[in-house]
Structures are given as structure tokens and as C-alpha cells.
Amino acid sequence: MTQQPDKPASSTPAEGTCPFHSAAPLTRRTEQLSKTGAAVELDERGVYRVHDFQAARDILRSEDVRQAGFMAERATQMGSLEQQPVLFSEGETHHTMRRDTARYFTPTSVAKYQPMIAGLADELVGELAAKGEANLDDLSLRLAVDVAAQVVGLTSSRLPGMAGRITSFVSGGGNSEPGAAQNQSKAQALKQQANLALFFALDVKPAIQVRRRERRDDLISHLLDKNYTDVEILTECLTYGTAGMVTTREFISVAAWHLLGSPELRSEYLHSTEKVRFEILHEILRLEPVVSTLYRRAEQDIDAGGTLIPAGSLLALNIQEANTDEQTVGADPLAVCPGRKLPRGVQAPVLAFGDGSHRCPGAFLAIRESDVFLRRLLIWNDLRVVTPPTVEYNEVIKGYELRGFRVALGG
Ligand code: HEM
């Protein structure tokens, strides 16, 4: 479904609060908002829809639920993999996987990628300047794919075009909400399978071969040390491809859209310290969470927001609403207001990177690479929007997709 892009709406700043208050969410899905104002609602399909922050965070932190999003239930039921990808694992196995791979995402590790990210960002902005015009969503895809590829070790591809092979997994239709009607045609399903085979043959297999001969400091090398099979490595690469590349691409686009729509915010962003720049990016992400719904399956009876949820129930956590819950984020929850005073223990992006055991390991990397690119892009005074993006929703990721975001430089 396509939504007409709104312009960032103006609203009057509340007295004594931040000076920006100029932008409202650009990607909010109104049809999914709470109908009764209750923290938790049971819908006609028997899904418990969770709308407020506290209940959503309690569920994400609970040990009595398991991952039910991103087709996890279908994938784990197939049961052909001994090692499930990190996103679908739970308990001690999951904990060990996270502990073993945490070293790829620490600030020190991420700092190693800084020259590579900066070089790539310069190249992309240079290309835009040379051509005069480009789709920002194409540039953000190339950045997000190349950066995550370094961490994962997908750097030995036989042919260019890995970005297209990865995005094809999420763009082929389908709905990842358990039990939802599927809108994927047979042809789309077959095409997806063919793409998976190509991704394996052209990107994953060559990376494995190179690292079998000599290990490197990346995730594939680590998985080889842990005796993962080729198919298990493929699934983990897919997880990182979709979780890390597709999401970061969308975030960079939405952040650029906000910053280009507000000269004051853009100027503050460009002239501030890293701390303030990150606050601005986190605040935009709070308002525009790329993954708007997270799913969990209750394994025991649980209490969420005062509602008793019976074991076996499906929980759909609305992150857009949780992140704009006035009780947690304070006044003007729908406005961009960096540096909000949040309750102790609540981080600036609120639940946009999830919470609990599955919280995004790539959060710091995503913000760092976005910052490196956006600074280089937005510093150009003559950068302008030619066509704002259309906003569509991807039912596999459960998030927005910004496309056709045409920008021009110079001329
Ligand atoms: C702005 C960009 C990003 C956003 C908004 C984002 C968002 C998220 C969210 C919400 C989750 C939790 C899913 C759940 O609890 O069901 C998650 C998990 C994950 N993300 Fe990110 N992510 C981003 C960037 C990245 C990057 C750059 C990487 C790696 C290169 C990455 C790798 C992962 C992985 C592996 C998981 C699964 C973790 C687990 O299940 O233990 N993400 N991400």
C-alpha cells in the first residue's frame, strides 16, 4: 500500500522545550493504532496487540516468550537446521551466540571500519555530485550493504549485485505475521528461491571457500570455527542481510528526509558534537522505527499491561506506539525533540532497536555509519530534494520502505 508523503508538519513548540518541534512522523501507520486506547487489545484473529511502552518492554524482556517474527515459526518448524540463526534462537544457545559475536559490534571494532565507511560515503556523495541527481535510497542501500558485508565477511562475491540479491528476499511479497493471509504468488515464491540459490552461489559460497583456506576477523570465519554447515551459514548471512542491511538503508533515508525538511535541525546536526548528532539520529529513529511491529509467542501465561495473556498466544508489539507513549517519552511525543529526558533505563531510540535478549547487536554500527554518510551529504548547501520518497510498507520486515527519493547536488 502506498501513502502520500506528508511534508514535515509544523507545530508550535511547547514553551521551554526544544527548539525543533518542527517535524512530525513521516511513516506512521495509522490503521494499526490502538482503537480503544487500551494498553493491550485482543483483535478478531486472536492476536494480542500491545500498544504501550511498559507492556511492550516487559514482553521483550520476559523469558516466557519466544521470537515469532520474521517467519521464525515457519523456519524453525522446518527443522532442517541444527544451528538456527541468532534471530530465531532462544535461551542458553542464543545467549552463547550473542556473547561469542558481541566482539564484532563493540565501539572499538566499529572504529576499525571507520576509514572504510568514510571512503565509501565519499565515493557515494562524489557520484551524486558527478551525476547531479540520484536516488538517495539507492545510495543508502549501497552503504548499508557494503558496511554490513564487512562485518559478516561477504566480501568475496563472484559478481556485483549482492544488494539486489539480498533485497529480493524481502521484496517478493509475503506477510511475516503468523497466521496472516499470504499475498505471495507462486511465481514470486519461485523467484525468491532462485535468488536464494544465486545469493548462495555468488556471495556466500565464495566467502566460505576463501575463509576455509584462511580465517579472517569476521562472522563467517567465526561460524566456520563453530562448525556451521554451508546452509547454516547461508541462513545466518540472510539474517544479517535483512536485519542489518535493509533496516539501515531505510533509516538513513528517513533521517535524511527529516534533516532536509528542517533547516534548523540540519544545521544543529551538522555543527554539533558526535554526542548531539547521535541524539538527533536516535530521536528520529524513535519517531520512525524501521521495524514497526515485533512478534512474540507466549510460552506461559503472562501478564502484560494488566491483561492476562494465555500461553500459546501471539503478541504483536506496536513499536511506533510504544515509542510515542507520552508516559515514557514526555510531552509532544510525535515531535522530533532530541535529548528528551527519558526515565532511567530507557535509551534514546526507546524500542526501535528492540529490547531484552534479541536487542539489535548492530545498533551502534548502524548509527555510526548513518552519521558518517549523512554528515558528508548534508554539508552541501546546494543539496536539495527533487522528489520526496513514496512511503510503502513491507509486510515481511513489518516496516516502511522509502523509494524514489530523488535528490540533486549542484547545478
Ligand atoms: C537502523 C538500523 C537498524 C534497526 C532499526 C534495527 C532493528 C532491529 C530490531 C528491532 C531488532 C530486534 C528484533 C526482535 O526483537 O524481534 C534487531 C535485531 C537484530 N539486528 Fe538490527 N537493526 C538495525 C541495524 C542492524 C545492523 C547494522 C546489524 C548488523 C550488521 C543488525 C543485526 C541484527 C541482528 C543479527 C539481530 C538479531 C539479534 C537477535 O535476535 O539476537 N542490525 N535489529
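Analyst: Gladly! Let's begin with Val396, which touches Val170, Gly174 and Ser176, leaving out residues up to four places away in sequence. This is a predicted model, in which local features need pLDDT of at least 70, side-chain atom pairs count only at pLDDT 80 or more, and totals for chains, interfaces and linings use all residues. Residues are numbered from 1 along each chain as its sequence is written.

User: What makes two residues count as touching?

Analyst: Two residues are in contact if their C-beta atoms, placed from the backbone, lie within 7 Å.

User: Where is Val396, and why is Val396 called buried?

Analyst: Val396 sits in the loop between β11 (390-394) and β12 (399-403). Helices (H or I, at least four residues) and strands (E, at least two) are DSSP runs, numbered from the N terminus. A residue is buried with 20 or more other C-beta atoms within 10 Å of its own, exposed with 12 or fewer, and partly exposed in between, the C-beta atoms being placed from the backbone. Val396 has 20 C-beta neighbours inside 10 Å, so Val396 counts as buried. In space, Val396 and Phe70 are 6.4 Å apart, C-alpha to C-alpha, although 326 residues separate them in sequence.

User: Why is Asn227 called exposed, and what is its phi?

Analyst: Asn227 is exposed because 9 other C-beta atoms lie within 10 Å. Its phi is positive, about 60°, although Asn227 is not a glycine. This residue is in the loop between α8 (219-225) and α9.

User: And Asp332: is that residue buried or exposed?

Analyst: Asp332 is buried, because it has 20 C-beta neighbours inside 10 Å. Asp332 also has a positive phi, of about 50°, without being a glycine, and lies in the loop between α13 (326-329) and α14.

User: How do you know that the span of α14 is close to the expected one?

Analyst: The expected span of a helix is 1.5 Å times one less than its number of residues. Helix α14 (residues 363-378) has 16 residues and reaches 22 Å from its first C-alpha to its last, close to the 22 Å expected. Its buried residues include Arg368, Glu369 and Asp371, and their cover includes α4 (107-131), α5 (136-152), α9 (230-261) and α11 (274-287).

User: What joins β3 to β9?

Analyst: 4 bridges join β3 to β9 (residues 314-318), and these strands run parallel. The bridge partner of Val50 in β9 is Leu317.

Definitions and conventions: Two strands pair if DSSP finds at least two bridges between them.
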